Amino acid sequence: MLIRQIVVLLALSIVLGVGVNLISPKGIDFIGNYRSLSSGDGPIVPPAAEPGDPPFIAVDVAEMEYSNHEVTFIDSRDPAEFECGTIPGSVNIPFEYLPEENIGAYIDSALGGSPKDRPYIIFCSGEECDLSLHLARNMQALGYSRTSIFFGGAREWEKFGLEMERRAPCEK
């Protein structure tokens, strides 16, 4: 008897919940429309991307460029995150700490005077971080003609088992 009452109450609760969800203007989709995480099959492109932005590259392209040693990786996160783990050999140019004036001189100095036609790959934490997009746009506007954005960032790099450089012990 008790089990029957529990089953009836549970069934009524489900019917009531589904009914309210169907007529509610703020109803929740029964099947979510979520973007899948990158599988490494192509570049991750953020919704904020615009025509004319530097190209976005996938983790396999970033790895290939890293192996060729002909590109400079730029980590656009703050120094504390950079110290916790970054792509080995990366230069840290934290977008949030760019000066109000003379950004070009600041970036030129951070890159040790490297030529503007050298290839640069800019990244940050991963898909939730758009610092790389903003830094790449600034660098492109300053004449850096071969910038690319690795939007999967440090998280995707590490997810694919690629080497990370850790300069300080940090909590994960």
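The model is predicted, so local features need pLDDT of at least 70 and side-chain atom pairs count only at pLDDT 80 or more, while totals for chains, interfaces and linings use all residues. Residues are numbered from 1 along each chain as its sequence is written, and side-chain values use heavy atoms, with hydrogens and water left out.

Reader: How many disulfides does the structure hold?
Author: A disulfide is a pair of cysteine sulfur atoms within 2.5 Å. Cys 84 is joined to Cys 170, and Cys 124 forms a disulfide with Cys 129. The number of disulfides in the structure is two.

Reader: Is Cys 124 buried or exposed?
Author: Buried means under 20% relative accessible area, exposed over 50%, and partly exposed in between, with a 1.4 Å probe and protein chains only. The relative accessibility of Cys 124 is 1%. Cys 124 therefore counts as buried.

Reader: What is the pairing of the bonded cysteines, numbered in sequence order?
Author: One link joins Cys 84 to Cys 170. The other disulfide is formed by Cys 124 and Cys 129. In sequence order, the pairing is 1-4, 2-3.

Reader: Which elements do the buried residues of α5 pack against?
Author: Helices (H or I, at least four residues) and strands (E, at least two) are DSSP runs, numbered from the N terminus. Helix α5 spans residues 131-141, and its buried residues include Leu 131, Leu 135 and Met 139. Contact means heavy atoms within 4.5 Å. The buried residues of α5 pack against β1, α4, β3 and β4.
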